[in-house]
Amino acid sequence: MFDTYVSLGRNREIAFQFQRVLQGDHARYFDWLVTPFDSLLEMLANDFEGAFAKENLLVTDDPALILDRRYRVKYPNPFQAELGRHLDGPRFEALHAVTLAKYEFLARRFRELAASDRRVAYFI
């Protein structure tokens with residue numbers, strides 16, 4: 001038995017169901033991201049450095065997703081409702097700062113869990 005279950009960005013549903021049934025749910029960094037396996041390895045090897053940096057963000061053909069061009073990871077687009085496809089201006093700067101802080105918090109949570117003595121099942 002494991003203490004917790006973590007999705008690494010390909011299939012959140014498995015980890016979500018384990019969390020829901022066994023112990024409640026906690027937000028994790030890779031929840032709801034589209035993360036190719038090589039991108040996952042690169043992001044972890046770089047300890048999330050530069051992830052979600054505004055200069056690397058691009059709205060995809062699907063405006064509900066933002067592409068981080070550095071890591072080739074797609075994030076849910078937190079700017080769409082207010083900014084549409086535009087990633088510039090003072091409102092973008094403010095929204096980006098809030099969203100980046102969230103992802104930095106989730107990266108810290110990921111590192112702390114990985115360094116802990118807890119038994120973690122990771123799902124790809």
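**View 1. The largest nonpolar core of this predicted model contains 26 residues, and those with the most contacts inside it are Y29, F30, M43, Y75 and F79.** A nonpolar core is here a set of buried Ala, Val, Leu, Ile, Met, Phe, Trp, Tyr and Cys residues joined through side-chain atoms within 4.5 Å, where buried means under 20% relative accessible area, exposed over 50% and partly exposed in between, with a 1.4 Å probe and protein chains only. The elements that give two or more residues to this core are α2 (37–45), β2 (57–59), β4 (73–76) and α4 (89–115), and α4 gives the most, with seven residues. Helices (H or I, at least four residues) and strands (E, at least two) are DSSP runs, numbered from the N terminus. In soluble globular proteins, nonpolar side chains tend to be buried together.

Residues are numbered from 1 along each chain as its sequence is written. Because the model is predicted, local features need pLDDT of at least 70 and side-chain atom pairs count only at pLDDT 80 or more, whereas totals for chains, interfaces and linings use all residues; side-chain values use heavy atoms, with hydrogens and water left out.

**View 2. Y29 and F30 form an edge-to-face aromatic pair, with 5.1 Å centre to centre and 65° between the planes.** Rings of Phe, Tyr and Trp (its six-membered ring) pair if their centres lie within 6.5 Å, and planes under 30 degrees apart count as stacked, over 60 as edge-to-face and the rest as tilted. Y29 counts as buried at 2% relative accessibility, and F30 counts as buried at 1%.

**View 3. F52 and Y75 form an edge-to-face aromatic pair, with 4.8 Å centre to centre and 65° between the planes.** F52 lies in the loop between α2 and β2 while Y75 lies in strand β4, so the pair ties together parts that are 23 residues apart in sequence. F52 is buried, with a relative accessible area of 0%, and Y75 likewise counts as buried at 0% relative accessibility. Leaving aside residues up to four places away in sequence, Y75 touches, among others, Y29, L33, M43, F52 and Y103, a contact being heavy atoms within 4.5 Å.

**View 4. One aromatic cluster is formed by Y29, F30, F48, F52, Y75, F79, F92, Y103, F110 and Y122.** At Y103, K102 lies over the face of the ring, at 4.9 Å from the ring centre; a charge sits over a ring if NZ of Lys or CZ of Arg is within 6 Å of the ring centre and within 35 degrees of the ring normal.
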